[in-house]
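Here are a few friendly notes to read alongside the model. Keep the view open and find each part as you go.

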Amino acid sequence: MSILKLITYPNKKLRKITKTVTNFNTYKLNYYINNMFKTMDYYNGVGLAANQVNIKKSIIVININNNKIYLINPIIIKQNNLIKTKESCLSIKNKTYDKLRYNEIYIKTFNIYGKFLKLKFKNLYAVCIQHEIDHLNGKLILDT
């Protein structure tokens with residue numbers, strides 16, 4: 001596994017919308033996910049979107065309290081309980097931002113084998129997933 005080059009603001013690649021993953025259970029998809037985890041851990045992050053490491057696919061990885069999850073083509077389908085959060089970003093160095101996020105989300109996503117899943121997340125998981133999905137859509141935490 002490799003540590004990938006982290007793209008930082010103001011690089012325009014962070015504004016690119018990622019492409020939907022269509023080929024599942026491939027070496028390349030597994031390679032992306034494993035290297036994204038290694039890179040996120042190296043930079044002491046809790047979440048990472050593929051376009052932050054110049055992968056143009058709709059993939060995010062999360063590691064909260066050693067509970068690692070990955071989401072492929074994640075889309076929020078329902079959200080509840082708007083809260084104020086303080087967030088930082090691996091791609092924007094040494095800054096925190098106040099954001100409004102939902103404390104509970106329901107998403108549809110896929111696993112590495114292409115199996116469709118509907119999942120519910122709360123608290124830090126929900127906030128982190130929203131942050132990373134924003135990345136996949138070319139949106140940064142400094143955007144209003």
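1. Two residues are in contact when they have heavy atoms within 4.5 Å of each other. Keep that in mind for the packing below, and remember that this model is predicted.

2. Start with helix α2, which covers residues 123-136. This helix has 14 residues and reaches 20 Å from its first C-alpha to its last, close to the 20 Å expected.

3. How many residues of α2 are buried? Eleven of the 14 are, so the helix is largely enclosed by the rest of the structure. Among them are Ala-126, Ile-129, His-131 and Leu-136. The buried residues of α2 pack against β1 (47-49), β2 (59-64), β3 (67-89), β4 (92-110) and β5 (116-122).

4. Now look for the salt bridges; the structure holds seven. In one of them, Asp-134 meets Arg-101 at 2.8 Å, N to O. Asp-134 sits in helix α2 and Arg-101 in strand β4, so this pair ties together parts that are 33 residues apart in sequence. Asp-134 is buried, with a relative accessible area of 16%, and Arg-101 is buried at 5%.

5. Another salt bridge joins Lys-120 and Glu-104, whose closest N and O atoms are 3.5 Å apart. Lys-120 belongs to strand β5 and Glu-104 to strand β4, 16 residues apart. Here Lys-120 is partly exposed, at 42% relative accessible area, whereas Glu-104 is buried, at 10%.

6. Finally, Asp-143 forms a salt bridge with Arg-15, with the closest N and O atoms 2.6 Å apart. Asp-143 lies in the segment after α2 and Arg-15 in the segment before α1 (27-42), so the pair ties together parts that are 128 residues apart in sequence.

Note on methods. Residues numbered from 1 in each chain as written. Predicted model: local features only at pLDDT ≥ 70, side-chain atom pairs only at ≥ 80, totals over all residues. Heavy atoms only, no water. Helix = DSSP H or I, 4+ residues; strand = E, 2+ residues; numbered from the N terminus. Expected span 1.5 Å × (residues − 1). Buried < 20%, exposed > 50% of the residue type's maximum accessible area, 1.4 Å probe, protein only. Salt bridge = Lys/Arg side-chain N within 4 Å of Asp/Glu carboxyl O.
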